[in-house]
Amino acid sequence: MFEQLDALLLARIQFAFTVSFHFIFPAFSIGLASYLAVLEGLWLKTGKQLYLDLFKYWLKIFAIAFAMGVVSGIVMSYQFGTNWSVFSDIAGPVIGPLMAYEVLTAFFLEAGFLGVMLFGMNKVGKKLHFAATLMVATGTFISAFWILSVNSWMQTPVGYEIGANGQYLPGESWWDIVFNPSFPYRLVHTVIAAYLTTAFVVGGVGAWHLLKDKANLHARKMFSMAMWMAAIVAPIQIFAGDMHGLNTLEHQPQKVMAMEGHFESHPDGAPLILFGIPNSEEKRVDYAIEIPKASSLILKHDLDAPLAGLDTIPDDEEPPVGIVFWSFRIMVGIGFAMLGIGAWSLFARFRKKLYEWPMLHRAALVMAPSGFVAVIAGWITTEVGRQPYVIYNLLRTADAASPLDAPAIAASLLAFVVVYFAVFGAGVWYILHLMHKPPHAGEYGVKRGDTGPIRTAGITPGPSQNPGDPDTLPSNHEEATDGR
Amino acid sequence: MDVNVDLTVIWAFIIAFAVFAYVVMDGFDLGIGILFPTFDVGSERDRAMNSIAPVWDGNETWLVLGGGGLFAAFPLAYAVILPATYPLIIAMLLGLVFRGVAFEYRWRDPGHRRYWDAAFTGGSLVAAMAQGMTLGALLQGIEVVDRSYAGSWFDWLTPYTLLTGLGTVAGYALLGATWLVWKLDGVSQHHARKLGKRAAWATLVLMGGVSLYNVFLNAEYAERWLTAPEIYFAAPVPILTAVVAVMLLRALSVDRHSKPFWLSLALFFFGMAGLGVTMWPYVVPPGLTIWDAAAPERSQIFMLVGVAITMPLIIGYTAWAYWVFRGKVADEGYH
């Protein structure tokens with residue numbers, strides 16, 4: 001029995017570790033792919049070299065982030081089977097097809113056009129290249145669509161039947177399954193989060209270079225674009241998050257109870273606990289700083305509305321309160337800090353000092369990685385808040401694991417930890433190295449060492465080391481002469 | 001036979017197609033990784049890498065379709081095979097991590113390029129070996145009780161699985177070498193052709209070894225290959241394989257372009273067909289048939305619509321991406 005528990009905990013840690021590490025990269029590449037599409041679109045529209053330079057600057061970073069996202073993502077697609085085989089067997093008929101759709105409509109699209117996006121500008125011409133960039137950006141969004149549908153179904157399962165063999169089977173309508181109750185909220189909240197994450201990375205890099213040289217036009221442009229995103233999107237995100245919270249209250253009340261730290265029911269208006277230390281043993285929040293009735297106001301839009309607490313939930317169905325309580329506050333705190341930066345930037349812009357205020361730039365620099373922290377904290381909130389279930393109210397996490405012994409999982413977990421920190425640590429280091437270099441006019445694209453990008457045989461040698469240089473576009477289109 | 005049966009067969013072929021597409025497409029990527037240490041540092045390695053840099057990611061996606069498709073269409077098989085081969089799958093995934101990032105990292109960090117080149121080779125080798133051994137573990141049979149893997153820790157490690165693992169490594173090396181014959185020229189092409197010949201012999205010997213072993217492995221397999229009337233259906237596979245093998249060895253001596261690659265592909269195709277003859281109708285021998293493991297009809301139909309719409313598009317734009325990067329990989333240093 002004890003052995004089982006150990007294996008289960010290890011499997012959970014392994015999944016949490018690999019999925020958290022993985023999600024850092026898509027959180028960045030979903031936003032960055034769109035940013036690249038915007039930059040290339042602006043370049044095509046205005047013809048300004050500045051946009052092309054920025055495009056190439058961020059393309060190099062995108063290439064690394066995307067590669068890390070791909071290799072860590074393949075791990076995820078197999079881990080359902082390796083570590084959660086009972087879950088895979090039982091839920092496969094419902095969520096398997098959604099994941100198959102993700103592969104068919106998103107992964108192939110991204111991967112198929114990525115090569116052209118990275119290396120093909122002087123082979124296919126500007127417009128087709130832009131189309132490839134758009135396809136990659138679209139692919140990242142479609143991927144988010146399907147995987148969030150899967151996750152949302154696990155949070156708010158509907159539209160299923162239970163088969164004679166114990167499997168969950170799809171019901172009449174796939175529409176109900178795909179567009180399950182929490183999906184639209186989670187999709188909006190997560191995709192905006194990816195955009196904000198990227199905006200703060202771009203803004204942070206811009207700020208870093210402005211601090212060194214406030215005349216750098218490239219740094220100015222990226223900082224300005226990022227701050228517009230922060231100013232406009234951070235408030236939208238807070239609103240979307242609030243909507244998502246209300247949806248959670250409706251469908252997964254104990255998750256909200258844990259987020260709020262409400263161990264007890266409040267029949268006439270629940271307080272909003274700003275800070276405190278949840279004490280699950282004693283079922284109370286120690287040292288709580290509260291705003292009376294504010295939680296009822298936020299969640300029910302009524303100061304005196306009653307709110308049930310965890311005392312209404314059987315102990316064996318409660319999520320771990322401490323983790324959810326804290327991760328939720330970290331996410332929300334960062335959200336409001338982002339809002340603050342956005343407002344500050346608007347004020348600076350209004351005073352025509354956007355590029356002049358080092359304090360703003362320093363703050364933006366500090367906030368550069370904040371999106372990643374917020375995104376991971378948000379996922380911890382929603383995933384831990386669903387416990388002890390893996391499929392809410394249907395399948396317990398403890399009943400979903402593979403029949404593996406603890407030492408096997410311990411060994412694989414150790415291998416993942418070592419490899420991920422080494423490999424992705426190196427990748428992040430390379431990205432930081434690229435970000436450290438100031439963006440400049442005549443920026444190089446994704447360069448391939450001494451060899452240059454691969455070329456079609458038989459064409460006249462041209463300056464293809466710097467794809468997209470106006471002099472070399474559009475490229476040669478002579479037929480290959482290698483005898484095919 | 002009701003509708004469900006036919007859909008299940010269709011899905012078995014779709015998964016087989018995805019696996020085949022993965023094996024041959026990522027096969028040459030992994031093969032180049034396996035052969036990488038034998039290439040000269042500098043231009044030869046750079047060109048070998050650049051010949052696959054724009055396409056490896058798309059190639060690897062077929063592995064996700066193979067795995068994801070298995071999960072969706074045969075969830076029980078997915079839930080049994082992966083725990084049964086747990087260490088192999090984890091090793092493959094970690095190998096693919098090293099292999100995948102090496103594509104980017106080696107250009108970012110010339111000072112440590114040889115380490116990332118080593119990671120590229122190590123990752124490719126581990127992934128190839130693990131894939132081959134997983135196939136072997138599947139063919140030799142997986143013990144299933146109550147919809148769950150019931151074997152022990154090291155069932156996947158036998159002389160047979162080592163043989164299938166080595167066969168896969170050799171086969172991938174053959175694909176990689178013949179791809180490079182196509183994409184390179186000059187001295188490097190000569191080098192690739194030499195490697196291709198060795199890899200071809202190794203592949204043929206190991207393929208033959210695995211085939212013979214199969215006959216002794218399982219009475220049912222033997223019956224399928226050696227008794228009438230099955231033998232009339234099965235016999236063309238080894239005969240055609242032998243024909244392709246002879247053509248391949250000849251082509252490796254004379255052809256300067258794509259012919260050895262296409263013949264290697266044909267070799268894999270007949271290997272896959274042989275596999276189909278051996279396993280059919282089991283998805284997890286000896287106990288689970290494709291019908292035992294199949295997803296319900298509603299799941300199959302829903303996905304089939306998706307496949308019918310997207311697969312032609314996927315094949316279309318994948319072919320386009322290959323077309324964009326067609327031709328020999330030139331060495332810019334010479335111009």
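Guide: Axes here are lines fitted to C-alpha atoms, for helices over the stretch in contact. The model is predicted.

Visitor: At what angle do the axes of H9 and H11 of chain A cross, and how is H9(A) oriented to H11(A)?
Guide: Helix H9 spans residues 253–260 of chain A, and helix H11 spans residues 321–350. Their axes come within 7 Å and cross at roughly 70°.

Visitor: Which residues make the contact, and how do they divide by type?
Guide: H9(A) brings A:Lys255, A:Ala258 and A:Met259. H11(A) brings A:Val321, A:Val324, A:Phe325 and A:Phe328. By type, they divide into six nonpolar, no polar and one charged.

Visitor: Why is H9(A) largely enclosed by the rest of the structure?
Guide: The buried residues of H9(A) include A:Gln254, A:Val256 and A:Glu260. Against them pack H8, S3, H10, H11 and H13 of chain A. H9(A) is largely enclosed because, of its eight residues, the number buried is seven.

Visitor: Which residue just after H9(A) takes a positive phi?
Guide: The phi is about 70°. The residue just after H9(A) with that value is A:Gly261.

Visitor: Which element gives the most to the side of chain B that touches chain A?
Guide: The contact takes 69 residues from chain A and 72 from chain B. On the chain B side, the elements giving two or more residues include H2, H3, H4 and H14. With 15 residues, the element that gives the most is H5(B).

Visitor: How do the residues on that side of chain B divide?
Guide: The charged residues number 13 and the polar ones 19. The nonpolar residues number 40.

Notes:
Residues numbered from 1 in each chain as written. Chains lettered and ligands numbered in written order. Predicted model: local features only at pLDDT ≥ 70, side-chain atom pairs only at ≥ 80, totals over all residues. Axes fitted to C-alpha atoms, helices over the stretch in contact; angles between N-to-C directions. Helix = DSSP H or I, 4+ residues; strand = E, 2+ residues; numbered from the N terminus. Contact = placed C-beta atoms within 7 Å. Nonpolar A, V, L, I, M, F, W, Y, C, P; charged D, E, K, R; others polar. Buried ≥ 20, exposed ≤ 12 C-beta atoms within 10 Å, placed from the backbone.
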